[in-house]
Amino acid sequence: MSHKETRKAFCKDLHKAYDQLAKEASTKHLTSLGFNVMEPENIYIQDLIAEREDLSFMVETEVKLVWRGDVFPYNTVQLPKRKEKFFIKETLFYIWNKPLTHAATFWSPNIKHLEPIEVQNKYVSKGEFFYQIPIDLVKFIKL
């Protein structure tokens, strides 16, 4: 039986408050690893492009507001199913804590086999699906 998928409505205020900060934190981390980082011209694809002589990939960033400390407080990292459109090109995801000091990172090829599950949350009471990413597929970094 197929379930109707619901998505959290786009929130202009949250986007304005955290989008650029998440991009800047990810850029700072990737630059420290020797990558040149730029924003793509198309605003509807991933947030960033990272390149160096031997490697090029896309980067998608977000801030998880409920993660406030240094230690990630959950058993899995949730990625909204709506972001599976970014699996087409190899993508490194950064999910930052609220103070933007720590991030959970993972690669799209390592998670695209997972089956999204419906998760009730404060934004959507029914019908929103998420990839539940096991911690062993996640690398945690400190900025």
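From the N terminus on, the elements of the protein chain follow the order α-β-β-β-β-β-β-α-β-β-β, that is, two helices and nine strands. Helices (H or I, at least four residues) and strands (E, at least two) are DSSP runs, numbered from the N terminus. The structure is a predicted model, in which local features need pLDDT of at least 70, side-chain atom pairs count only at pLDDT 80 or more, and totals for chains, interfaces and linings use all residues. Residues are numbered from 1 along each chain as its sequence is written, and side-chain values use heavy atoms, with hydrogens and water left out.

Of the 143 residues in the protein chain, 41% are buried (under 20% relative accessible area, with exposed over 50% and partly exposed in between; 1.4 Å probe, protein chains only). The chain exposes about 8900 Å², of which carbon and sulfur atoms supply 53%; accessible areas come from the Shrake-Rupley method with a 1.4 Å probe, and for residues only the protein chains shown count as cover. Among contacts (heavy atoms within 4.5 Å) between residues at least 6 apart in sequence, 58% join residues at least 24 apart.

Lysine 23 is located in helix α1, residues 12–32, and counts as buried because its relative accessibility is 9%. Not counting residues up to four places away in sequence, lysine 23 touches Glu39, Asp47, Leu48 and Thr61.

Methionine 58 belongs to strand β3, residues 55–64, and is buried, with a relative accessible area of 8%. Neighbours within four places in sequence aside, methionine 58 contacts Ile45, Gln46, Leu48, Ile49, Lys89, Glu90, Thr91 and Leu92. The C-alpha to C-alpha distance between methionine 58 and glutamine 46 is 6.3 Å, at a sequence separation of 12 residues.
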